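Student: I want to learn how to read strand pairing. Can you take me through it?

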Amino acid sequence: MRAEFIPVGQIVNAHGIRGEVKLNPMGFDPEFLADFDVLYIGGKRVEVKSARVHKSVVLLTLPGVEDMDAALALKGKTVTIRRDDVEVPEGYYFDEEIEGLTVIDCATEEVIGKVRRVLTYPAHKIYEVKGEREYLIPAVPGVFIESVDLDAETVRVHMMKGLATDEN
């Protein structure tokens, strides 16, 4: 299912006294986020005046945010992007698009559950699938993941022994 807005981070603090805010990316490269001219903060469209990467955060200068008090007023706000503003490579999906999809075993055509959430680990992501049992399926294309079809709202997987959380 294609989400309209994708959460990309949270404003965690002010930076300095001139109104810059620190955006802490959630699972995204700071350089990727610094390229956006328009972000959505707390659900409102905001045109970014300037953005730069500092260590692992993005420092944003925003219209109407001219001092530390105005910057601190944004602390804790979620920052999102419009999905239509992003072109991603073939076979790449945002976590929000995967969550809620029906998971089908390629070998048996059996529905094993729905993706409850996407977990991020250093090596790769893992789909937490809940059906009659709970499964942790590595999001590795060609090995565990056969295909993802957002229009049909399905993920086709190659099941292997040990993927169920209650198996030895």
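Tutor: We will go through the strands and how they pair. This is a predicted model, where local features need pLDDT of at least 70, side-chain atom pairs count only at pLDDT 80 or more, and totals for chains, interfaces and linings use all residues. Residues are numbered from 1 along each chain as its sequence is written, and side-chain values use heavy atoms, with hydrogens and water left out.

Student: In which sense do β1 and β2 pair?

Tutor: Antiparallel, over six bridges. β1 spans residues 5–15 and β2 spans residues 20–25. H15 has E20 in β2 as its bridge partner. The two strands form a hairpin with four residues between them. In the turn, G16 has a positive phi of about 80°.

Student: Over how many bridges do β2 and β6 pair?

Tutor: Three, again in the antiparallel sense. β6 covers residues 57–61. There, L59 stands opposite K22.

Student: In what order do the six strands of the open sheet run?

Tutor: β11-β10-β9-β8-β13-β12, with mixed pairing. The edge strands, β11 (134–138) and β12 (145–149), each pair on one side only. From one strand to the next, the twist averages 30°; axes are lines fitted to C-alpha atoms, and angles run from 0 to 180 degrees between N-to-C directions.

Student: In which sense do β8 and β13 pair?

Tutor: Parallel, over four bridges. β8 is residues 102–105 and β13 is residues 154–157. T102 faces T154 in β13 as its opposite residue.

Definitions and conventions
Pairing = 2+ DSSP bridges.
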